[in-house]
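Morning, everyone. I'll take a few minutes on one model and walk through some of its backbone features.

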Amino acid sequence: MSARAWLRATVPALVPSSQAGPPEITGLPGRRMLVQRSDDEIVAQPLDDAFVARAGAGVRFPAPWPRRHGTWEVAPDASLAVFAGVHAVRAVEPSGATRWEVRHGCWYGACREMHESYDEYADRQDHRYPESGSVGFSADGRLVWAHVRGPLSEGELNPDTADEWLVIDAEDGRVLARADAEAAAAGSFHLPHPTDPDQMGLSIGEGQDGAPLRWGRWDGKELTVDCLDGDLCLLGLSPSGDRLMTVSHDQDSLAVRDSRGTVVEALDWNAEAAIPRHPGAPTDPDTDEDNLYVCWDWAGGFLDETTLVASTAESDEEWGQGRHWLVDTTGTHGFTPIDYPSPVSCEPTALGSGVWSTLSETHDVLHVWGLHGLEG
């Protein structure tokens, strides 16, 4: 038995794929946006509940540096964009004006400079492919959480300060709190708690060395950081924010956890045990078993409080169409393959309210899917 997906919406990219990164749908239900980043700007287009562009609501944010030199995030109300660059976190208004900037240590590992501007290293070959941090807005847009490379100023005693996690006032750029991220990142991303603006998840990638996962709580005075056990990639939060979906760094284990990192009872699945081999995989008993492994993708999320969408496309691609899975965490139906009316070419991105998206092979269209009985 399979779950049949139906196409809820087709959302075209805002900028041709030859000029920009892939389009993304961001934000919580009721405040969703289509966003896309080129070298020169971020384009953001608020969407209605049917994933149709809201007339006259589009906004553009001029970019302070090219796309390869960092990550970015747009505020929930599309009033501000924050760019996490190699040397600074910068908040930019639609006019192009800098609202604030927080400088930090250089993300190029061998560099010990505190750069004043992007121009200082724009043409340096050794800064062409640096590591990177990330930023995330709280659910209400009041706070910016930033993962940066220390130090924050020339005067700090230890020039080799490791990664830090900051809580910043989105209005004026004041650093309200900072903590040691206890990591050496190659990259990272933030996932905000959907209902509590004072909680945030930070998923860090250290390349082959691991995937530290941090959970932060800001009480207005102090930042408390929980270091969740294990090398885990955070894929999504449930609508209540009480549950986390994670995949292990080696991609063999998918789990649902609480915000302290504890696996919710019986909600931990090994890919080889839970998912059958791809139907196109060879059945010859002499085939090397190492070539037939099944692994979880670092993709998916919650469709509602108890239902996940996950995928095994990476390990499926050698044998045919990549597979997506509906996961019922109540134990009623278990894992159900998702049947699409036409082939999809990438992993799924959960959007909440029973829907998820996939990106077209040409990266110029997002398809929004739903399942009867789950659509919001």
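In which sense do strand β8 and strand β9 pair, and over how many bridges? This is a predicted model, so please keep that in mind. Strand β8, residues 88-92, and strand β9, residues 98-103, pair in the antiparallel sense, over five bridges. Val92 stands opposite Thr98 of β9. Together β8 and β9 make a hairpin, and five residues lie between them. In that turn, Gly96 has a positive phi of about 95°.

Next, the open sheet. Four strands form this sheet in the order β2-β3-β4-β5, and their pairing is antiparallel. At the edges are β2, 24-26, and β5, 59-62, each of which pairs on one side only. From one strand to the next, the twist averages 25°. Within this sheet, β2 pairs with β3, residues 33-37, in the antiparallel sense over three bridges. There, Ile25 stands opposite Leu34 of β3.

Now two alanines. Ala78 has a phi near 60°, which is positive in a residue other than glycine. Ala78 sits in the loop between β6, 71-74, and β7, 81-84. Ala266 also has a positive phi, near 70°, but Ala266 belongs to strand β21, residues 263-270.

Are they buried or exposed? Ala78 has a relative accessible area of 12%, and the cut-off for buried is under 20%, so Ala78 is buried. Ala266 is at 65%, and exposed means over 50%, so Ala266 counts as exposed.

Last, a peptide bond. Gly150 and Pro151 are joined by a cis peptide bond, with omega about 0°. Pro151 is in the loop between β11, 143-149, and β12, 163-169.

Note on methods: Residues numbered from 1 in each chain as written. Predicted model: local features only at pLDDT ≥ 70, side-chain atom pairs only at ≥ 80, totals over all residues. Heavy atoms only, no water. Pairing = 2+ DSSP bridges. Axes fitted to C-alpha atoms, helices over the stretch in contact; angles between N-to-C directions. Buried < 20%, exposed > 50% of the residue type's maximum accessible area, 1.4 Å probe, protein only.
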